[in-house]
Amino acid sequence: MAEKWVDVKGYEGIYLVSSKGEIKQVKTGRILKATYRKQSGCYVYGLQDKNGNWKQVQKHIVLADSFNNEQEFRNLKNEKWAAVSDDVQVSSYGRLRTKRKTYDKKNCSFCKYRLLTPSDNGKGYLSVKNSTGKGTSYVHRLVATAFIPNPKNLPEVNHKDGNKSNNKVSNLEWISRKGNTKHALDTGLMPSGVKNWNANLNDEQVRLIYEAYHAGVSSTVIMKAFGITRHCVLDIANKKRYKSSLSKFL
């Protein structure tokens, strides 16, 4: 295939770049020499703009942008996207992407979107930083808000299969606080207590028992879920036992 020369994007009339990756000055016709940067693993050129300012540019980025070598973003089957902010979108599969170019060094191409990697909050829920840089947003709430109607204005989002990292729209539903807590009891934590007043419970179980009782879940349901007595449930609900565990979230 014959070599093709085009203007370097952003340096039109000053430099030309060839389809083989060479750059030359328009005025002198001089071919520039690229420098390999071991740290970034790519070749760079030093270019001077019309105002006399110098900048190092990476070879694969110059080729991708100047020849407009765009790759389509790869969607999953039947994946749909909705805007979360001006530059972030969430998908029906629970994926997040931002409107920032991603470059492929090997193919000297770019994609208009970049996938974001959510963080685990330590309890299994995936979250991302807000575009303002202040606070975080939970992925399951972003998906539910974007794709699931909530005519009753229910306050919480439930993972139907109990897997907090499965944020596909088909696995989510809007739910009441009581319903969400009861679902967690039914499918989430396995009881580690024994059927006596001195049952040993971890911090997460104590939190769930307290929240379940105050969300309106009956003490009978809580007893069966954790294998503990009614006295234990009531003492936790009234902050008489496991005070150190309760102090961590109250």
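In what order do the three strands of the open sheet come, and is their pairing parallel or antiparallel? The order is S13-S14-S15, and the pairing is antiparallel. At the edges sit strand S13 (119–120) and S15, each of which pairs on one side only. Keep in mind that this is a predicted model.

Let's zoom in on one pairing. S13 and S14 run antiparallel and are joined by two bridges. Here Ser119 stands opposite Ser127 in S14. Strands of a sheet pair through backbone hydrogen bonds, in either a parallel or an antiparallel way.

## Helix H2 and its cover

Now for a helix. H2 takes in residues 139–147, and its buried residues are Val139, His140, Leu142, Val143 and Ala144. An α-helix has 3.6 residues a turn, so residues three or four places apart point the same way.

What covers those buried residues? Strands are part of the answer, including S14 (126–129) and S15 (136–138) from the sheet above. The cover also includes S8 (88–91), S9 (96–98), S16 (156–159) and S17 (172–175).

## The whole protein

Stepping back, the protein has seven helices and 17 strands. Its C-alpha trace spans about 90 × 35 × 30 Å along the principal axes.

Of the 250 residues, 35% count as buried. The accessible surface comes to about 15,500 Å², and 48% of that belongs to carbon and sulfur atoms. As for charges, there are 44 positive and 21 negative ones, and their mean positions lie 3 Å apart.

How values were computed. Residues are numbered from 1 along each chain as its sequence is written. This is a predicted model: local features need pLDDT of at least 70, side-chain atom pairs count only at pLDDT 80 or more; totals for chains, interfaces and linings use all residues. Side-chain values use heavy atoms; hydrogens and water are left out. Helices (H or I, at least four residues) and strands (E, at least two) are DSSP runs, numbered from the N terminus. Buried means under 20% relative accessible area, exposed over 50%, partly exposed in between (1.4 Å probe, protein chains only). Accessible areas come from the Shrake-Rupley method with a 1.4 Å probe; for residues, only the protein chains shown count as cover. Lys and Arg count as positive and Asp and Glu as negative; His and the chain ends are not counted. The place of a charge is taken as NZ of Lys, CZ of Arg, CG of Asp or CD of Glu. Contact means heavy atoms within 4.5 Å. Two strands pair if DSSP finds at least two bridges between them.
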